[in-house]
Amino acid sequence: YLYEINPDEQILTASTTKILTALCAMDYYPTDQILKVGSIKVEGQKMGLVLGEEITVENLLYGLLIFSANDAAEVLAQNFTGGREEFILAMNLKALELEAENTHFSNPTGLDGNGHVTSARDLVLIAAHAMQNPFFSEIVGTKEKTVKSLDGRIIHRLKNINELLGDVEGVLGVKTGWTENARENLVTYLERDGKKIMIVLLGSQDRFGETRQLIDWIFENYGWM
């Protein structure tokens, strides 16, 4: 670790949760599996899924990770064997498997509530594992994507919320997060000059600006043999 402040403090997760949501979905579903959108109640960011719409898991994962779509998260959870609660259980088991000891999920989206927490150190572990998956890393490195329902009638235009992607040298992902109580969260992975760096910023007022400052500080102050 190059620098850390309160790395094990339990903090509201917001949509950084969706890294783990995606990992669980990838463990369970083939990416070409077709899911049907059921009746879901969802707040916050949405890709605009329609009741009865049929869409591939791959397209839901793009919505989940690029546009941070809460409706995509709920559809992935809803279609799990045993339903939404079993999916959330699988998420918590996956966190334990990755030794993310300060993490607990109570929903697949990251909305606040019921002890839904993580820590900076845990998010480093989770995100590092996720970036080893080529499909995951491809999605989070995508700036824009248009996906469609199975019949092609419903179109979802997705734009990556991560402002650093394509703007800061070497940034390849990973995930944004925001709720009013969590404030601004950002997990960033970059490769530059042969170095691989993961940055987790939680509870920020300016996640993109502060992460830029951290990246500049790292490369100005650290030398690697």
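Predicted model: local features only at pLDDT ≥ 70, side-chain atom pairs only at ≥ 80, totals over all residues.
Me: How do you know that the length of helix α4 agrees with its residue count?
Reply: Helix α4 covers residues 84–97, 14 residues.

Me: Which residues of α4 are buried, and why are they said to line one face?
Reply: The buried ones are Phe 87, Ile 88, Met 91, Asn 92, Lys 94 and Ala 95. Seen down the axis of α4, they fall within an arc of 155°, so they line one face. They pack against α1 (17–28), α3 (70–78) and α5 (120–131). Glu 85, Leu 93, Leu 96 and Glu 97 are exposed on the other side.

Me: What makes Tyr 28 and Tyr 29 an edge-to-face pair?
Reply: Ring centres must lie within 6.5 Å, and planes over 60 degrees apart count as edge-to-face. Here the centres are 4.7 Å apart and the planes stand at 80°, so the pair is edge-to-face.

Me: Why is Tyr 29 called buried, and why is Tyr 28 called partly exposed?
Reply: Buried means under 20% relative accessible area, and exposed means over 50%. Tyr 29 is at 3%, so it is buried. Tyr 28 is at 33%, so it counts as partly exposed.

Me: Which residues do ring pairs link into a cluster with Tyr 28 and Tyr 29?
Reply: Phe 80 and Phe 87. Both are buried.

Definitions and conventions:
Residues numbered from 1 in each chain as written. Heavy atoms only, no water. Phe/Tyr/Trp six-rings, centres within 6.5 Å; stacked < 30°, edge-to-face > 60°. Buried < 20%, exposed > 50% of the residue type's maximum accessible area, 1.4 Å probe, protein only. Helix = DSSP H or I, 4+ residues; strand = E, 2+ residues; numbered from the N terminus. Expected span 1.5 Å × (residues − 1). Arc of directions from axis to C-beta. Contact = heavy atoms within 4.5 Å.
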